[in-house]
Amino acid sequence: MVDTDIITHCQQGEEAAFDALYKTYATKALRTAYLFVGNKNIAEDIIQEAFLECYRDIKKLRNPESFQVWFNRLLVRICWRMASMERKVITESLDDNGMERLTDQQDVLEIIEASQESRIIRQAINQLSLPLKTTMILYYYNDMSIKEISQIMNCFQGTVKSRLLNGRKKLAKVLKSRPDEFPINNASGVFERECVVHE
């Protein structure tokens with residue numbers, strides 16, 4: 001839930017409010033960036049740029065209640081750009097089992113890297129097209145609604161639903177091709193167990 005008071009104070013240029021905003025959103029934003037690029041250093045660069053843009057442009061935000069959609073739209077745009085620029089680095093990083101963990105409040109990789117299944121799922125997500133990958137990350141890892149994702153990606157809600165369906169099918173196909181690492185039963189139902197499509 002967005003704290004509109006914090007957003008309003010940020011728009012008034014209050015440094016303490018922006019510090020509070022960063023503490024509230026940085027960890028989740030970092031997880032999102034990491035899931036996009038699979039590389040600690042690149043993810044940290046993305047977060048730095050995202051909050052710099054946020055600090056610079058937040059006064060332009062007309063409705064403080066729409067902050068989450070607004071911020072995630074600029075975050076996704078930066079992730080897409082960095083993913084395109086760093087494709088080779090990202091691929092190598094995602095294949096590396098010994099990825100560094102982020103420190104302090106950024107220690108979200110401990111959760112993402114908690115199991116072999118998690119690593120395999122993340123690698124499978126990375127094989128999706130950028131629109132499908134973005135939709136899956138925002139929906140399953142950020143718990144965003146179909147309506148919010150459609151606003152972030154500037155598309156119809158029906159398109160988001162279609163991408164979720166296609167993404168699940170493609171992931172199940174990838175995971176079923178690796179039965180030694182990911183059991184067939186898990187491959188067919190992993191995302192249905194994690195979340196039911198919500199409006």
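**Exercise 1.** What volume does the largest pocket have?

*Solution.* Before starting, note that this is a predicted model, where local features need pLDDT of at least 70, side-chain atom pairs count only at pLDDT 80 or more, and totals for chains, interfaces and linings use all residues. Residues are numbered from 1 along each chain as its sequence is written, and side-chain values use heavy atoms, leaving out hydrogens and water.

Step 1: the largest pocket comes out at about 280 Å³. A pocket here is an open set of points on a 1 Å grid over the protein atoms alone, where a 1.4 Å probe fits, with protein on both sides within 12 Å along at least five of seven lines; lining residues have an atom within 4 Å of a point. Points join across faces, edges and corners, and the volume is the space filled by probe spheres set on them.

Step 2: 13 residues line this pocket, and Glu65, Ser66, Gln68, Val69 and Glu148 are the closest to its centre.

Step 3: domain 1 (1-91) and domain 2 (115-189) both give residues to the lining, so the largest pocket lies between them. Those bounds come from an automatic or database domain assignment.

**Exercise 2.** Is Phe36 buried or exposed?

*Solution.* Step 1: find Phe36 in helix H2 (residues 15-37); helices are DSSP runs (H or I, at least four residues), numbered from the N terminus.

Step 2: Phe36 has 1% relative accessibility, so it counts as buried (under 20% relative accessible area, 1.4 Å probe, protein chains only).

Step 3: look across to Lys133, 97 residues from Phe36 in sequence but 7.9 Å away in space, C-alpha to C-alpha.

Notes
Helices (H or I, at least four residues) and strands (E, at least two) are DSSP runs, numbered from the N terminus. Buried means under 20% relative accessible area, exposed over 50%, partly exposed in between (1.4 Å probe, protein chains only).
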